[in-house]
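Trainee: Could you take a close look at one part of this protein with me? I would like to go through the aromatic side chains.

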Amino acid sequence: MATSLASPIFAEGLEREEYRRERSFAAALVTVLTFFAVLIHGYHPYAEDGGLYMPEVKRLLDPGLYPYDTGFVVGHLQYSLFARVVAGLVRESHFGVEMVLLLGYLATFWMTLFAGWLLAARCCASREARFGAVALLTVWLTLPIAGTSLMLMDPYVTARSVSTPCGLLALVGVLEFLLPRFWIDEERWYGLALCVAAVAVAAATHPLMGGYAMGSVLLLGVLLSPRRAVRIWGTVGLGLSAVAMAAGLQLAAPVESAEYLRVALTRAYWFLSEWRWYELVGLVAPLAILSVVALGRRRDGDAARVGLARMAMTAGVVAVIVAILFARMGMATHLVARLQPLRTFQLVYVVMILTLGAWLAERVLQRQTWRWLTAFSLLAGVMICADRTTFPASRHLELPGALMWRSQDSGGNAWEQAFVWISRNTPKNAMFALDAEYITKPGEDAQGFRAIAERSVLPDYSKDGGVVANKPGLTGAWSEGQAAQTRLSSESDSERSAELRPLGVTWVVLTRNAATGFACEYANEAVKVCRLP
């Protein structure tokens with residue numbers, strides 16, 4: 001018998017077809033938005049934490065690199081598959097490290113925006129609202145997360161570049177499983193499989209962020225329960241479990257040495273008491289915005305939107321409570337502070353941005369093209385200015401092949417030029433020393449020495465200090481390196497030799513105006529590279 005055009009089966013078939021067309025539209029839109037995102041936020045593959053992750057990739061590709069102080073190269077990636085996967089992609093693709101990093105950067109941006117669209121599609125009925133949500137996410141992709149020292153997405157590739165979109169896809173999977181669009185078993189189990197796979201990949205690349213994603217998934221599952229008692233007591237139980245787990249970790253943590261304690265206390269972003277007032281606003285404001293949705297009146301078909309808002313708000317509140325109770329400077333041990341519970345706010349920020357973007361599209365921009373262009377041009381301009389302020393001496397887009405000109409005195413980052421010269425003109429087993437706080441020097445732009453120069457170097461204060469804070473066994477080497485490099489450019493050659501030779505140093509990078517009798521084989525307007533006699 002022919003199926004009637006008015007039958008539920010035919011209606012569901014039309015809805016499924018519309019859903020497929022919408023996903024195809026979303027994929028095309030997100031591809032365009034990804035390129036806009038890269039143009040807005042820039043690309044700096046070896047800056048900041050990119051300079052921490054890439055040396056391990058390069059060491060896997062060439063085991064002869066970094067023969068000294070390898071703990072600072074591999075220590076922070078001990079439980080992550082990130083470096084091994086990237087190195088494997090470089091070997092199999094034959095594209096080279098820089099091209100693989102760029103493709104990975106584009107892919108992770110695309111995945112994050114597409115996951116954002118999928119979340120928005122479950123929460124917003126109109127295409128305009130969905131577009132507003134993802135457009136705002138596009139221009140705010142590198143938004144700082146309060147005072148956590150994290151950005152939503154980095155302008156370079158790290159393990160977080162993978163764990164972030166995976167965390168979002170896990171939330172999509174929960175929604176597909178518990179609130180399926182079509183009551184067909186295959187659809188529901190697809191959502192569960194997506195959730196499990198996304199959490200597994202997040203945990204494999206960044207175990208800490210994968211753990212926080214798992215907590216958010218469990219919380220969202222409880223909050224989407226049709227039974228009120230499950231929603232209430234399940235949420236209370238998960239919150240108390242998080243607090244109890246933090247308390248147990250704190251009690252079981254080993255006693256910290258006085259030397260390590262000095263290192264831990266340099267990580268101001270671990271402790272709420274050290275945050276500036278506007279960083280604290282960055283915690284409170286997202287929770288306040290989400291509370292409007294989470295505690296407001298629900299409408300029909302609003303379960304996904306309200307559930308996500310409640311999940312994000314609850315997760316944020318629990319993280320703040322744990323940080324206040326156990327991540328304090330005066331604690332006997334700082335294991336919970338080391339786990340940085342406020343990193344949970346990364347997902348909180350995504351949900352807040354999607355909520356704000358949808359509201360902006362529906363209530364303010366509507367279908368007025370000039371409003372959309374004006375609003376997002378201003379927002380994009382602010383983010384471009386932020387990138388130029390952060391990396392003023394570097395190109396906005398440091399694309400593959402840029403290393404060819406970085407070693408030439410043709411403008412650009414003089415520190416990078418020196419590091420590239422080092423990679424091409426010094427032996428692999430060379431050991432370097434440079435100012436302990438070189439990362440923060442004007443014009444250096446937080447470009448990583450190891451990642452670009454591909455040589456061993458004594459540990460620096462900032463980035464290597466972060467490694468030591470999470471790997472206490474490196475404390476002694478870090479302290480020794482700091483002492484030897486603190487006044488490197490201002491002391492005499494005899495003092496430099498006395499401090500550096502016992503540590504195996506054979507080359508030094510000094511500021512251009514440093515007085516020295518060492519043979520300096522390279523110099524530019526910022527630094528000079530000299531060999532210890």
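Which residues form one aromatic cluster together with W415?

Mentor: Happy to walk you through that. Please keep in mind that this is a predicted model. The cluster you ask about is formed by W415, F419, F432, Y438, F449 and W507.

Let us start with two of its members, F419 and F449. Their ring centres are 5.0 Å apart and their planes stand at 80°, over the 60 degrees that the rule asks for, so this pair counts as edge-to-face. F419 belongs to helix α18 (residues 414–425) and F449 to helix α19 (residues 449–453), so the pair ties together parts that are 30 residues apart in sequence. Both F419 and F449 are buried.

Now for the wider setting of aromatic contacts. The count for the model comes to 17 aromatic pairs. One of them joins F25 and W117: with 5.9 Å between the ring centres and 65° between the planes, the pair is edge-to-face. Here F25 sits in helix α1 (residues 8–41) and W117 in helix α5 (residues 97–123), so the pair links parts that lie 92 residues apart in sequence.

Among contacts with a separation of 6 or more, 69% are between residues 24 or more positions apart. Along the principal axes, the C-alpha atoms fill a box of roughly 95 × 50 × 40 Å. The accessible surface comes to about 23,300 Å², and 64% of that belongs to carbon and sulfur atoms.

Finally, a word on confidence. The mean pLDDT is 90, and 93% of the residues reach 70 or more. Over residues 1–12, however, the pLDDT is below 50, and this stretch has five contacts in the model beyond near neighbours in sequence. Where pLDDT is low, the predicted coordinates should not be read in detail.

Note on methods:
Residues are numbered from 1 along each chain as its sequence is written. Side-chain values use heavy atoms; hydrogens and water are left out. pLDDT is the predictor's confidence in each residue, from 0 to 100. Contact means heavy atoms within 4.5 Å. Accessible areas come from the Shrake-Rupley method with a 1.4 Å probe; for residues, only the protein chains shown count as cover. Rings of Phe, Tyr and Trp (its six-membered ring) pair if their centres lie within 6.5 Å; planes under 30 degrees apart count as stacked, over 60 as edge-to-face and the rest as tilted. Helices (H or I, at least four residues) and strands (E, at least two) are DSSP runs, numbered from the N terminus. Buried means under 20% relative accessible area, exposed over 50%, partly exposed in between (1.4 Å probe, protein chains only).
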